[in-house]
Amino acid sequence: MGRPRTVLVHGTGGTGKTALIRCAVGGAWSDATSPTIGLDENAGRLSFSLADESLIDDLRAVMPPDGLTLALWEIGGSRGGHLRQLPRGQTLDGLIICYNVLDRASFHNAATILMKLRADRHFDHGTPSLVGAFAPAPPRLPVVLCGTKVDEVDAGYPRVVSEAEAQEFAQANGLAHALTISARSGEFVLEAFQALGVAILEAEEDAWAELAAAHDAGAVAHAHAWSLGASGGGDALAAPRAAVMTSPRGMRPGEPPSGGPSGTPLVEIIDLQGVTFGARPLAVCLERGLLHRAVHVWLCDPRTGALLLRKCGRQRPKWPGLWVPSCHSEVLCYGSTADPTTGPHTAELSLTSALRGLQEQLGLERAGPDVEQWFSCMSRSGACHELLDVFVVSLGAVGISQLRLLQGEQVEWVHYLDVFGEASRHVGTLFHIEQPYRHSFVQRMRSRIAHHAKADSAAPYLIPAANARLAVAS
């Protein structure tokens, strides 16, 4: 089962923490529980494996092959004085904060518990900003908020903390989930621990991805750790004394590296509601089928309906050897942000990703004002799961002679119905196209062709030659 992850169950006294743990571990309710005094480091162990039929889909997607074990700790809510704290230097992997849905004071105390544990984690593992870029930090602390004793609401007792309040608290404080449970009936008990398990594994992957990216980017010179000349370029030590100094790199974690992303690229990961929850290397996304943001850009001639197809090189992680849009790329992420409500990473705009793809894959440098977003849609083929923003660049803004392809790739002009028509559905040399993608593109292209036909119905406009000469990057 690998290394057990330490999970602390915390909350005001009388919220049912002990009953919650016993229900999760033993699967049975018991009202014969005595108050916990101080810290109980042996409250129970909970193990999950891929063979468990009760696994939620999110946990099954990220669980290691050897499973996941949670070592459960409990802190008494009302007794024990100085004993109601973690051992110095002990790192938690996850936290469950309990409150009683019938007791508003216990809900208010959740904010105090969260603030104290986060502050303790910061002082135990935090590093000065000047060296923060070089010292690996522990993964963020995943937290699940549990409203207990919901069964008593069904019995007629008034509920004083609403579901909406709990969800608002969770969102405002960057918590993984907010659930209401009943240890008496077992309702959502295992789901709470499984949701925390998902958040723990995702936090570990995020920390690993950031560490790998920082390692691949190389160590920053010690002189650069202090400040950089605002003029940019060259050695910071060679900058004039009078030059305005910028913040040290360790204090700019959300700023993209100079000259664009370096090291292992991180791709923005989203859930099915479109909410960003982390970043992973592209290889991890394709291995685990994680939903991530990507862009497609089409070069087209709206007068004739011609599209520029590009054949991917064999080394490409997506669609190797297949005909694909004129360019396609992923929305990349950079460092972490301090705002938990906006996600753990700073991502580039999809338009920025489209412009970067045009430059890297086609050698186009000046297509910015002419890139038009047509629509967005979901796409899934095997383990490649994308939320796509589809852009179009009209011919006339860019000439065919400007294109510069990567080694091993080629392009060809085709009619748009050769790609999106009904006859192309089963063409094995084309990339995967979902029906909403196909329908939206055809509708937009027909509209654009009709518009140009009215505006310019004079001399015929020829489709560019398929064998146009293109420069090939060495």
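## Close-up views of a predicted model

**View 1. The pairing of S5 with S6.** Strands of a sheet pair through backbone hydrogen bonds, and this pairing is either parallel or antiparallel. Strand S5 (residues 143-148) and S6 run parallel and are joined by four bridges. Gly147 has Thr180, in S6, as its bridge partner.

**View 2. The two faces of helix H5.** Helix H5 (residues 163-172) has Ala166, Phe169 and Ala170 as its buried residues. Because these residues cover an arc of only 100° around the axis, they lie on the same side of H5. The exposed residues Ala164, Glu168 and Gln171 are carried by the face of H5 that is turned away from its buried side. Just after H5 comes Gly174, which takes a positive phi of about 70°.

**View 3. A nonpolar patch on the surface.** Leu349, Leu351 and Leu355 form a nonpolar patch on the surface, and together they have about 260 Å² of accessible area. Leu355 has its place in helix H8 (residues 350-362). With a relative accessible area of 31%, Leu355 is partly exposed, and the cut-off for residues of such a patch is over 30% relative accessible area.

Conventions
Residues are numbered from 1 along each chain as its sequence is written. This is a predicted model: local features need pLDDT of at least 70, side-chain atom pairs count only at pLDDT 80 or more; totals for chains, interfaces and linings use all residues. Side-chain values use heavy atoms; hydrogens and water are left out. Buried means under 20% relative accessible area, exposed over 50%, partly exposed in between (1.4 Å probe, protein chains only). The arc is that of the directions from the helix axis to the C-beta atoms. Patches are made of residues with over 30% relative accessible area and no salt bridge: like charges are joined within 9 Å, nonpolar side chains (Val, Leu, Ile, Met, Phe, Trp, Tyr) within 5 Å. Accessible areas come from the Shrake-Rupley method with a 1.4 Å probe; for residues, only the protein chains shown count as cover. A salt bridge is a side-chain nitrogen of Lys or Arg within 4 Å of a carboxyl oxygen of Asp or Glu. Two strands pair if DSSP finds at least two bridges between them.
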